Amino acid sequence: MLLLPLEKYLLHPSRPIQTSIARLRVTSNLIFKPVGRFHLKPADYPLAEYARRLKQRAYDEIRRVLAKTYLINEMETVDWLNNFLNRFWPLSEPYLSWTIVMAIDRVLSTNTPTFIDDMRISTFTLGNRAPRIESARISPDTEDGVVVMDWAISFKPFEVSNTTPEQAAEYVDPKVVFSTRVGIGLSTAEIPIQAEDITFKGHIKLRLQLMSNFPHVQVADFSLIRRPKIDFVLKQTGGNTFGSIANIPAVSSFIHEMVHSHFGATMIDNPFFTINIEEMLSKQAIDEAIGVIKVTLYNARGLKVPRIGGAPDPYVSLNINGREEIARTQYKRNTSNPTWMETKFVLINNLEEYLHLNVYNYDEHRRNALLGVVGFKLGTLQDDAQQSITSRLLKDGKEKGELKYDISYYPVLATEESDGRLPDTNVGIVRLIVHQATGLNSRSMSGELNPVVKVYLGEERAAVYKGPVKRNENNPIWNATYEFLCLDKVSSKIGIRVINDRDSLKDSEIGYMVVRLTDLLTCTSEAGKEWFDLNNCNYGKIRVSAKWNALDLPDDPLENTKQYMPPIGVVRLLLDQANDVKNIRAALASKSDLYVRVLVNNTIKGRSDIITNDSYPWEPIIYIPVHSLKETLQLEYMDYQHSTEDRSLGSVKINVAELAKPSDNSQDPFESTGIQKRADRTVIERDNPAGVLHYSAEFVPSMHIKGSSFKPRQNELQAISSGMDVDARSFISSSSSFEDDCWLTNLTIHMSKENVNVSNNAPASAQSDSENTDIASTNEEKGVEMDVNELLTHRSGIILFNVLSGQLNRKARFEVLINDDYWPCFSTTKARSTQPQWNYIGEGFMRELDFGLVCMRLNEGDDGNKDEIIGIWKQDAKSFLEKASTAPQSFTLYDPKNDRKAVAHVIIEARYVPVPVKLEPRESITNQGVLRVLLISGQDLHAADRSGKSDPFVVFTLNGHKVIRSQVRKKTLDPEWGEEFEITIESRIHAEFSLEVFDWNQIKQSESLGKGPIDLMNLKPFIATDQIITLSSPKHGKKGQIRLNFLFTPKMIVKSKKNTSTFTSTVRTMTQMNAFVGFRRT
């Protein structure tokens, strides 16, 4: 029984009622009995009327209470919803199947039993029969604005009893094919397994988040309530010989446990499928972009070699949810550690999707092989819009390397709440809609057209979009939509070309139009102005509209990615020594030929000399230009290999932020934190220790020079906008997407203040030109202003090279060497044509500009392999900068075997950024050069023969190597030689130069008469100096003198690599008759 208060069901319970009934006990047959006492006035309220009202309201309350109890304890059928699912399932099944594969495939690949080497899903489809909702129940006790329902779901696709014969004939059975590899190591076999007769039964919770605005349902979330029941039959693909494979021990239980563990971790009581109904039914189209993501791809490390005997040629391909490719990087030849440094912009329309970064191995002859995949969930950008990530590359659930990249999200700006207007930005997303055309003319005999529309952007020389073809239609309706990122709304132009797809002739144009984006947006906002005349079409018109979605991007972000960032300074590295370096040649009873290379963003920026003794403290000094405090320098010990790729022996890392800090001085934005001496343990292959590197590091800031960056060259669109006489149809692109997509034309539609005028060659508006000038003036560079002559007075600095293009006889890499070093300071990628457009910016540090040398060469060999030099050019650095600093210059490279044969012309421009470095004496050019030695005479030599005379000759020794031997003077103690020769000195500070006088004997060994050291540091450059060297020996004491004359000329030394050792060319000149030159070290 239910106790119901009487006062709740009366119209005026506050009025006094004179009766003996205070409460009524209501039973199922509505028998009223007095249980209390109150008063009722019959004159005002007859008791019969109150009884009728009480009965009616009691019925209503009972129904509500019983209905609530029924909702809590009982479930009801929803056949109307099942009917809807039967029609909706064919549309949603492909995406749902793909989602399940992505969620489960990695779990299966990484959690296989010991006897299964690999397992993954290769095929997955749920068929064309929808699941059925057996019953549903709603939860009444929820928070405000939330509706929660429980659904009992069953999936039995083989039940076709309720289908028509036509539906039964088109029945598709669910199919799941597992690619399973059984065995261990080399003893493995792949067994494809197919799952059939799949059934599913479970309970799903649906949560609806309500809102006040239409459609009143904001978000729908689906989650599992408990573990589902799954049944299946496993068979080997191709037959039924062995029955169900699920009978194999542990296979069935393993699959169930893996699936249930995944359900438990991600789907039970956690939403696994979310539908944002508010976004779907908003004013925006479903496929309209909601923002743009900026992806900067830096490098990959440790890519697994897909073939034996070589490194891959990797590139990165981007797509959304495994759909078609939307962007890709260039491929890097023959490397497992590629560096791309490329930025891509991707339009997105759903943050619930995944961005896939697929690394492929490029192959010219076969299908590109997948090396690894990285999946990034775009939804994480809502919490953190800018992320720097280093992710593991996976393939078949196994690690294949790592990928480093940055990703940023820039959403479309919403309207201002105050006035409902969009923020005025110059960067945004344009949604272009080509609706229809009318009055198209046909030049064919049939008079019928197959019109197709193509869209061109002002900065592109090929069509960026091709619409659908309308067959036999002279008034086509396309409603074709194309979205693109616009970086400059003011200067952008859009071209639309209508082509007849029926004609086989090349000139199949029906008509075209070109309009400024700002004019098109203005026309779209005004009714009746979406129709435009088509050029070259008498009565043809086309209807086009555009929508502008503003973005809060940095000004011209794409241009910033193309422009080079000038260096903020250099890091000076002094490498003292290395201890406990692994000797990988120990098995061959040999030692490694060591050198150190420095990498920034996985790009080689500098290398030391090679030494042939791994314990020798050769103390090289390397200068590395840096551009940001965020950069990291990697010092890597390498074993030089003459015929194969050099091998790494360990590395350490240095952060630039530890060596430099921001400065308050606007002219010098950064300053050094001082010299840091370190002894870091090197690591190799997954952080395994591999020795200790002793070194010191110091940051030296560069001068902030105005105009040190390179200005982008004017393209064809800018030439048209600036009023230059340019034939719009003369720009032919070899990289066209379609056979005739080589089209660019002048403005055909110009917007005046009153209306839209049509003219074939309307000039650009003066207002837009002035706006462009104002924009350009606001971006003027800051810094110290110097002309070329003032810059070249600074001793040390960084030379910036902008390699624009070239004309080559053969495809090759372009390299630049500073001071004729044997390592190039930078190298371009190998040209893919004989007329490459490199647009590559490199840099090199010049210690002493007055004596510096710039060498350019063409290297036909692949990166990391043996050099194959086919072209070379050399000039002193000052002369080069005087030419290339003012404007791009063309330089001719000649065949190294025939200096009269030109092999290439390369266009380069350069900049010079001074760096106030204090060079040590051993770094100066005066520390190396050519020493001219004049052996004049000897005096009072020791008498070695019985006759009281000697037969003296002189041997000169440099760093333990005999380099010069003079002629023999017979029977004299005061010989006169007068011999002159030259010798190359690599380092006067470290040079050990001496002479020794011998007495020549025809039969027995020559006897030493004494020796003496020669001090090269006291020699002044370019000044001839006499020296008298006193001879001494343990046997004879100090006895005799040698008179010499020295002239030291500073000069850069040409270095070369040969047979895994470093050698220096030594040049000697004989200037006197009968002079004798000894052996030559090469």
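Helices (H or I, at least four residues) and strands (E, at least two) are DSSP runs, numbered from the N terminus. I start there since I will be using those labels throughout.

Two notes on the source. This is a predicted model, in which local features need pLDDT of at least 70 and side-chain atom pairs count only at pLDDT 80 or more, while totals for chains, interfaces and linings use all residues. Residues are numbered from 1 along each chain as its sequence is written, and side-chain values use heavy atoms, with hydrogens and water left out.

First residue: Val-854, which sits in strand S45. Val-854 is buried, at a relative accessible area of 0%; buried means under 20%, exposed over 50%, and partly exposed in between, with a 1.4 Å probe and protein chains only. Leaving aside residues up to four places away in sequence, Val-854 touches Ile-799, Phe-801, Val-816, Leu-817, Trp-873, Lys-874, Gln-875, Ala-877 and Phe-880. Contact here means heavy atoms within 4.5 Å. Gly-844 is 10 residues from Val-854 along the chain, and their C-alpha atoms are separated by 9.8 Å.

Now the chain as a whole. The protein chain has 11 helices and 58 strands. Of its 1082 residues, 45% are buried. Among contacts with a separation of 6 or more, 65% are between residues 24 or more positions apart. The accessible surface comes to about 57100 Å², and carbon and sulfur atoms hold 49% of that; the areas are from the Shrake-Rupley method with a 1.4 Å probe, and for residues only the protein chains shown count as cover.

Which strands form the open sheet, and in what order? There are 4 strands, ordered S24-S21-S28-S27, with antiparallel pairing. Two strands pair if DSSP finds at least two bridges between them. Strand S24 (477-486) and strand S27 (531-533) are the edges, each pairing on one side only. On average, neighbouring strands of this sheet are turned by 30° against each other, direction ignored. Helix H6 (residues 517-525) packs on the sheet, where it touches S21, S24, S27 and strand S28 (541-550), and its direction makes about 100° with that of S28. For such angles, axes are lines fitted to C-alpha atoms, for helices over the stretch in contact, and angles run from 0 to 180 degrees between N-to-C directions. Strand S21 (residues 428-438) and S24 run antiparallel and are joined by 8 bridges. Ile-433 stands opposite Thr-481 in S24.

Last, charges. The structure holds 33 salt bridges, each a side-chain nitrogen of Lys or Arg within 4 Å of a carboxyl oxygen of Asp or Glu.

One of them is Asp-150 with Arg-137, closest N and O atoms 3.6 Å apart. Asp-150 lies in strand S7 (residues 146-155) and Arg-137 in strand S6 (residues 132-139), 13 residues apart. Is Asp-150 buried or exposed? Asp-150 counts as buried because its relative accessibility is 15%, whereas Arg-137, at 29%, counts as partly exposed.

Arg-810 pairs with Glu-860 in a salt bridge, at 3.4 Å between the closest N and O atoms. These two are 50 residues apart, and both are in loops: Arg-810 between strand S41 (797-808) and strand S42 (813-818), Glu-860 between strand S45 (853-859) and strand S46 (869-876).

Glu-920 and Arg-922 also form a salt bridge, with closest N and O atoms 3.1 Å apart. Glu-920 is partly exposed at 28% relative accessibility, and Arg-922 is partly exposed at 21%.
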